[in-house]
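Open the model in your viewer and keep the selection tool at hand. The tour starts with the whole chain, then moves to single elements.

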Amino acid sequence: MSDAVFETERLVVRDWAPGDAERMYDMYSRDDVVRFLGAAPSPMPSLEAAGERITRGELRNGEARAAGTPFGWWAAEVRESGVVAGSIALVQIDGSREPDAPVEVAWALHPDAQGHGFATEGARGALERGHEAGLEEILALIDQANAPSRGVARRLGLELTGVTEEFYGKPLMVWVSRRSS
């Protein structure tokens, strides 16, 4: 297991590792997992694609650490079982690397990990990480049809500010977390 980026009560949030490729593929190859992700959701096509995504993630996470930013796309591993529940991310929207680009917290869980509070717990840790690093505002962009993620946003205490097509070219609810003074 690679080093933790941050930990919560039940999760070790860490970089995805090559040994996670099968779990990643099993998760991201499912229509029900990817249907709300990104501009043009599509299932991961192969185990090889999972390995390539892990390699790209390692590079991006390494760049983020080298730059001293709180950003990353991580595996959320359940401490008790060692099984990866899903992904937690704190990223600049649309892959921007501009210093003032909006930042998004995001999550996706394997179906066998849903309904246990892991998304809320992992996202809360990512929000704390971002705000402690000085980010004033972090967004959660949620498809209106994604009731479970709307529930996560509510449990996190995020403020719904409206719906926009500004990000990812489709209507998304914009939920905001603001840094407390």
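**Whole chain**

Start with the charges: the mean positions of the 19 positive and 29 negative charges of the protein lie 3 Å apart. Lys and Arg count as positive, Asp and Glu as negative; His and the chain ends are not counted. Each charge is placed at NZ of Lys, CZ of Arg, CG of Asp or CD of Glu.

This is a predicted model: local features need pLDDT of at least 70, side-chain atom pairs count only at pLDDT 80 or more, and totals for chains, interfaces and linings use all residues. Residues are numbered from 1 along each chain as its sequence is written, and side-chain values use heavy atoms, without hydrogens and water.

Now color by secondary structure. The protein has five helices and eight strands. These are DSSP runs, numbered from the N terminus: helices are H or I with at least four residues, strands E with at least two.

**Strand β4**

Select residues 84-92, strand β4. Eight of its nine residues are buried, meaning under 20% relative accessible area with a 1.4 Å probe, protein chains only.

Strands pair if DSSP finds at least two bridges between them. Find Trp-74; its bridge partner in β4 is Ile-88. Five residues separate β3 and β4 in this hairpin, and Gly-82 in the turn has a positive phi of about 80 degrees.

Gln-92 stands opposite Val-103.

**Last stop**

Select Tyr-168, in the loop between β7 (159-164) and β8 (172-178). Its phi is positive, near 65 degrees.

Note on methods: Buried means under 20% relative accessible area, exposed over 50%, partly exposed in between (1.4 Å probe, protein chains only).
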